[in-house]
Amino acid sequence: MLDYTRDREAAWQLLNDYVKSETLLRHSITVEAVMRHFASLYQEDPDLWGNIGLLHDIDFEMYPDQHCRKTREILTPKGLPEEFIRAIESHGYGLVHDVEPRENVEKVLFTIDELTGLVSATALLRPSKSLHDLTTKSVKKKWKQKSFAENVNREVIEAGANRLGKDLNEIIEETINGMRAIASEIGLEGNVEAGK
């Protein structure tokens, strides 16, 4: 049986069986990259955390009204362990699910899922359209503007930061750092020279 917990190619193929939207695939690899980055900060397994991030929205496109509630049904037959499935389910806590984030991997996913959208939207507004010159200060400025990226649930991000016991600025900074690793893949490599 394939190891979807650590084999990135296997997880990517599985994701593509359920997700066809380019936007959702881009979001999935963004969350994957940030989860890998945070795994290294917590001295955890980046392959495991990355694949949890990659597969976190596996049920969203086919079952938008049952998001996080179809995850178990999809992943259990694939031999994925309980803690992997639970981590994915927990990112919908308080919104679509009652599985509370308790482990660090769950808390990080819960916190950064929404945040990646705000970071991406802020980067796209810059003259450079790049993550490489994006600052935490720029993201915080847009954070306060409620009409900007209004679908981003800022309350969830704040609740996640509190669960992690981390300052929001630090989480934003590390989310940007994680996203920079795949900037070209997600269309945010931009032209840094244009921003100068």
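Colleague: Let's start with helix 7. Which of the residues in helix 7 are buried?

Modeller: Thr136, Ser138, Val139 and Trp143 are buried in helix 7. They sit on the same side of helix 7, because the arc they cover around the axis is only 160 degrees. Keep in mind that this is a predicted model.

Colleague: What makes residues a few places apart in an α-helix point the same way?

Modeller: An α-helix has 3.6 residues a turn, so residues three or four places apart point the same way.

Colleague: And which residues are exposed on the other side of helix 7?

Modeller: Those are Lys137, Lys141 and Lys144.

Colleague: Which helices do the buried residues of helix 7 pack against?

Modeller: They pack against helix 6 (104-125), helix 8 (154-164) and helix 9 (168-180).

Colleague: Take Thr136, then. Why does Thr136 count as buried?

Modeller: Buried means under 20% relative accessible area. Thr136 comes in at 16%, so it counts as buried. Thr136 belongs to helix 7, which covers residues 136-144. Leaving out residues up to four places away in sequence, Thr136 touches Asn169, Ile172, Glu173 and Ile176.

Colleague: What lies 2.9 Å from a polar atom of the Ser28 side chain?

Modeller: The backbone oxygen of Leu24 does. For a polar contact, the N or O atoms must be within 3.5 Å, and this pair is 2.9 Å apart.

Colleague: How do you know that Cys68 is buried, given that Cys68 lies in a loop?

Modeller: By its number again. Cys68 has 0% relative accessibility, so it counts as buried. The loop in question runs between helix 3 (46-54) and helix 4 (71-75). Among the residues Cys68 touches, not counting those up to four places away in sequence, are Asp59, Ile88, His91 and His97.

Colleague: How far apart are the C-alpha atoms of Cys68 and His97?

Modeller: They are separated by 6.7 Å, and the two residues are 29 residues apart along the chain.

Colleague: What about the largest nonpolar core: how many residues has it, and which have the most contacts inside it?

Modeller: The largest nonpolar core has 55 residues, and Leu75 and Leu131 have the most contacts inside it. Helix 2 (residues 22-41) gives the largest share of this core, with 9 residues. As for Leu75, its contacts beyond four places in sequence are Leu14, Ile58, Leu80, Phe84, Ile85 and Ile88.

Colleague: Stepping back, how many helices and strands are there in the chain?

Modeller: There are 9 helices and 0 strands.

Colleague: Why does the radius of gyration agree with a compact globule?

Modeller: For 196 residues, a compact globule would have a radius of gyration near 16 Å; the chain has 16 Å, so the two agree. Along the principal axes, the C-alpha atoms fill a box of roughly 50 × 35 × 30 Å.

Colleague: What share of contacts between residues at least 6 apart in sequence joins residues at least 24 apart?

Modeller: That share is 65% in this chain.

Key: Residues numbered from 1 in each chain as written. Predicted model: local features only at pLDDT ≥ 70, side-chain atom pairs only at ≥ 80, totals over all residues. Heavy atoms only, no water. Helix = DSSP H or I, 4+ residues; strand = E, 2+ residues; numbered from the N terminus. Buried < 20%, exposed > 50% of the residue type's maximum accessible area, 1.4 Å probe, protein only. Contact = heavy atoms within 4.5 Å. Core = buried A, V, L, I, M, F, W, Y, C linked by side-chain atoms within 4.5 Å. Arc of directions from axis to C-beta. Rg over C-alpha atoms; globule rule 2.2 N^0.38 Å. Polar contact = N/O pair within 3.5 Å; in protein donor to acceptor, adjacent residues only side chain to side chain.
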